[in-house]
Amino acid sequence: GLTLTNMSFALALLQDQANTAEQWLSLEAGVGSVAFIGIPELTLGADTLSLEVNQASASGSLVDYSAFDLEIPTGPQSSQILGMAASDGELVRARGAVSLDAFGFVQAYGEFGFTKQESSVVLEGGESFTAEVLVIGVANASGFAGINGGSADEVGLSLGGLDLGLALIKVKPDGGPADVRTWTSLEASVETVSFVGLSEYLTAEVSDLSININQADDANATQAVVDYAGAGSTSLSVQVGDGTNISFGMEGDRGELIEAAGTFQLTVSEFFRVGGSLAFEKSSREVQLGNGNLVDVDLLTIGGSGLGGFLGVNPDDADNRIGFTVSGVEFALAILTDQADSTRVWSSLEAAVGTATFEGTDRLTLGVSDLTIRINQSAADGTLVDYSNGATELTVTTGPTDSLTYSMDADDGELV
């Protein structure tokens with residue numbers, strides 16, 4: 001939930017004189033600063049926030065403050081006029097300018113709206129229950145998805161025109177033993193995207209980007225995530241702007257998820273260009289370097305399959321390039337950042353090519369089969385990640401049922 005400071009509020013409790021069973025509660029408040037508590041991986045702050053509560057009576061009727069002025073004193077020389085319209089329905093909402101960080105992967109900055117509601121929730125595996133849900137929506141915000149967001153060493157995607165829906169879920173108490181499980185779900189769509197970081201090594205063009213996070217808390221390692229896809233699954237929609245909603249659609253059988261997916265054109269080391277549908281995923285793990293040292297890293301992987309591209313000289317210049325046009329590419333790129341020193345960044349790539357056709361000169365004909373591409377780039381201090389047998393084992397998801405496992409040996413030095 002939200003902790004609030006420097007708050008002023010106006011509360012009205014109303015009762016029908018002719019029928020005392022008819023009672024209403026209304027509240028409007030302004031908040032100076034806000035912080036989120038309850039989920040360590042989620043941070044949220046706001047400089048200004050407004051709260052609105054308008055509760056219906058037993059008969060379902062609402063007080064319409066747009067039809068008359070109710071002024072409530074809030075201090076010796078201050079007051080507040082309630083202005084909520086009955087046409088907005090029952091309200092429990094908060095709105096304001098907010099900064100959000102979700103799982104160290106997504107940061108967003110803009111005008112957010114908060115609403116508390118009850119929903120029927122279905123987990124992967126079929127368990128269902130009534131949940132209390134805090135939903136947060138933002139429209140046309142700016143943001144970032146990747147690693148080291150907000151720092152000089154950030155690597156990932158700069159986002160504009162960001163529409164984001166966030167749901168924070170817990171089991172509604174029923175009078176029995178407390179169920180402390182929680183779930184966090186986020187979906188977002190983006191209008192404009194640019195890649196930042198590693199500009200000397202990697203450039204990217206991105207379109208049709210979507211961001212998905214589906215997490216269960218860590219109290220139980222086998223806890224299932226919420227299922228939003230298919231018959232009988234959870235139906236949840238978040239209002240992110242006037243007339244705009246995000247309906248969650250993440251499949252529970254994919255398990256815990258932190259990813260950004262879209263259509264990419266990537267150029268790696270001015271040597272390899274590949275395009276198609278790719279997905280970003282963020283995680284943290286330990287890797288072994290070629291010198292034997294173990295390092296805790298933040299890991300950003302980019303994977304895809306069934307891709308097309310070019311391998312060779314001048315891959316971005318269709319008129320002057322020399323090399324291989326490739327298709328049926330299975331592609332796995334990893335960007336690793338030392339958690340203790342974000343200036344130490346390693347990048348590794350493996351790709352398997354389905355077909356390759358040589359182009360660039362009529363004087364040479366080449367036939368190629370079983371083509372693989374391997375790139376292993378060192379950090380600024382010259383160290384390399386070692387993927388040889390018994391060292392770092394890293395498998396990157398490249399499709400719903402496909403993956404690539406790295407095998408590059410640090411003893412072979414930097415590879416392109």
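Glu52 and Arg95 form a salt bridge in which the closest N and O atoms are 3.1 Å apart, a salt bridge being a side-chain nitrogen of Lys or Arg within 4 Å of a carboxyl oxygen of Asp or Glu. Glu52 lies in strand β3 (residues 42–55) and Arg95 in strand β6 (residues 91–102), so the pair ties together parts that are 43 residues apart in sequence. Helices (H or I, at least four residues) and strands (E, at least two) are DSSP runs, numbered from the N terminus. The model is predicted: local features need pLDDT of at least 70, side-chain atom pairs count only at pLDDT 80 or more, and totals for chains, interfaces and linings use all residues. Residues are numbered from 1 along each chain as its sequence is written, and side-chain values use heavy atoms, with hydrogens and water left out.

Glu52 is buried, with a relative accessible area of 13%, whereas Arg95 is partly exposed at 41%. Here buried means under 20% relative accessible area, exposed over 50%, and partly exposed in between (1.4 Å probe, protein chains only). Glu52 and Arg95 also belong to a network of salt bridges that links them with Asp88 and Arg93. Under the stated criterion the count comes to 13 salt bridges.

Arg181 takes part in two further pairs: with Glu127, the closest N and O atoms being 2.8 Å apart, and with Asp179, at 2.9 Å. Glu127 lies in the loop between β7 (106–122) and β8 (128–147), and Arg181 in the loop between β9 and β10 (182–189), so the Glu127 pair ties together parts that are 54 residues apart in sequence. Glu127 is partly exposed, with 37% relative accessibility, and Asp179 is partly exposed, with 32%.

The protein has 0 helices and 23 strands. Its C-alpha atoms fill a box of roughly 95 × 45 × 45 Å, taken along the principal axes. Of the 416 residues, 46% are buried. Among contacts with a separation of 6 or more, 62% join residues 24 or more positions apart, contact meaning heavy atoms within 4.5 Å. Accessible areas come from the Shrake-Rupley method with a 1.4 Å probe; for residues, only the protein chains shown count as cover.

The largest nonpolar core has 76 residues, and those with the most contacts inside it are Leu157, Leu164, Ile211, Phe272 and Phe331. Strand β9 (residues 155–171) gives the most to this core, with 7 residues. A nonpolar core is a set of buried Ala, Val, Leu, Ile, Met, Phe, Trp, Tyr and Cys residues joined through side-chain atoms within 4.5 Å. Beyond its neighbours within four places in sequence, Ile211 contacts Phe105, Val106, Ala145, Leu159, Leu186, Glu187, Ala188, Val190, Glu259 and Ala260. A second, separate core of 21 residues includes Leu123, Trp183, Val226 and Leu257.

On the surface, Leu4, Met7, Phe9, Leu11, Leu13 and Leu25 form a nonpolar patch with about 530 Å² of accessible area together. Patches are made of residues with over 30% relative accessible area and no salt bridge; like charges are joined within 9 Å, and nonpolar side chains (Val, Leu, Ile, Met, Phe, Trp, Tyr) within 5 Å. Strand β1 (residues 2–15) gives the most to the patch, with 5 residues. Met7 is found in β1 and is partly exposed, with a relative accessible area of 42%.

Strand β4 (residues 70–75) and strand β5 (residues 78–82) pair in the antiparallel sense over 5 bridges; two strands pair if DSSP finds at least two bridges between them. The two strands, β4 and β5, form a hairpin with 2 residues between them. Within this pairing, Pro73 stands opposite Ser79 in β5.

Positive phi values occur at two non-glycine residues, Leu198, with phi near 55°, and Asp208, with phi of about 55°. Leu198 is found in the loop between β11 (192–196) and β12 (202–216) and is buried at 15% relative accessibility. Asp208 is placed in strand β12 and is exposed, with a relative accessible area of 65%.

Leu364 is found in the loop between β20 (355–359) and β21 (372–377) and is partly exposed, with a relative accessible area of 40%. Its C-alpha atom is separated by 32 Å from that of Ser277, 87 residues apart along the chain.
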